[in-house]
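Reader: I am new to this structure and would like a close look at a single part of it. Could you take me through how the helices pack there, and which residues take part?

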Amino acid sequence: MDNRLILKLTNHNVYYIKTDKVNYYITIPKEFKDTNICIELKNKMNNYNLEMNDEVWVMENIKNTYSYVDNYNITLVIPVLNDEDVSILEKMDVDNFEIIDKILGFVINDSYNHLVNENIKIDNQVILLNNDRYKTFINWFTSRYQNRVICKNLLEIIRIFNVNATSYKRLETPGMTFVVGSYNQEVNAPKIEKKEETKQPISKPVPQVSSGFTSYWLLAVITIVVSVVIAIIAFKYS
């Protein structure tokens, strides 16, 4: 297991937890002494996948998501499921919902242990954030665990702390307010491009001629020429 602090906010630290079963993000409160576990299944899991996608773009999504809830006592946990598990959710494959059930059970228990180690008291009721894309599974999961797991909209939870909260992030200036984004705003994180090693063309070796070998043949040629000249002169004057 690998715990990595990836983001420091005003009221929370965000950790990336790597395990053999599933990787996930969790906020650890800095000041709050009690909290809840609030799980969100994202529409586009790959936008939060640090292992497969460009970290710069993934971190933009992490900052956007967790900055939005930083002012509130919400311990937001985001599992990053693999493609096969996401397929179960999207295809509403009820026969395999128990696979996701085991994954979320692990995430809940592991998150609980991390919070307990920080001396934080955790509410017994787990909140699973509403998402129409996975509504069939969410209904199945909450029915299976009844009062132990409930489904709520994130904005509904935030309004417990701020009745005027909206799903939009606002930038307030004297006399004017700007909408600068929303909680659901994400960037599509590109996959990591593996750099291919450039292979240098292999040139065929050129045989090198020995200087000694060249001198030998040159001497032989001179000897032959001299012998022929001597033979001609001897024949002429004999």
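Author: Helix α3 and helix α4 pass each other in a right-handed crossing, and in this predicted model their axes come within 11 Å and cross at roughly 65°. On the side of α3 the contact is made by Phe 97, Glu 98, Ile 100, Asp 101 and Leu 104, while α4, which covers residues 135-145, brings Thr 136, Phe 137, Trp 140, Phe 141, Arg 144 and Tyr 145 to the contact. Sorted by class, the residues where α3 meets α4 are seven nonpolar, one polar and three charged.

Several of these names return in a single aromatic cluster, which is formed by Phe 97, Phe 137, Trp 140, Phe 141 and Tyr 145; across the whole structure, a search finds six aromatic pairs.

Helix α3, residues 97-117, also has helix α2, residues 83-90, beside it, with axes that come within 9 Å and cross at roughly 120°. At that angle α2 and α3 are therefore oblique to each other, and α2 passes α3 in a left-handed crossing. Here Asp 85, Ile 88 and Leu 89 of α2 meet Phe 97, Ile 99, Ile 100 and Ile 103 of α3, and the residues of this contact divide into six nonpolar, no polar and one charged.

Key
Residues are numbered from 1 along each chain as its sequence is written. This is a predicted model: local features need pLDDT of at least 70, side-chain atom pairs count only at pLDDT 80 or more; totals for chains, interfaces and linings use all residues. Side-chain values use heavy atoms; hydrogens and water are left out. Axes are lines fitted to C-alpha atoms, for helices over the stretch in contact, and angles run from 0 to 180 degrees between N-to-C directions. Helices (H or I, at least four residues) and strands (E, at least two) are DSSP runs, numbered from the N terminus. Angles under 35 degrees count as roughly parallel, over 145 as roughly antiparallel, 65 to 115 as roughly perpendicular and the rest as oblique. A crossing is left-handed if the near helix is turned anticlockwise from the far one by less than a right angle, and right-handed if clockwise. Contact means heavy atoms within 4.5 Å. Ala, Val, Leu, Ile, Met, Phe, Trp, Tyr, Cys and Pro count as nonpolar, Asp, Glu, Lys and Arg as charged, and the others, Gly among them, as polar. Rings of Phe, Tyr and Trp (its six-membered ring) pair if their centres lie within 6.5 Å; planes under 30 degrees apart count as stacked, over 60 as edge-to-face and the rest as tilted.
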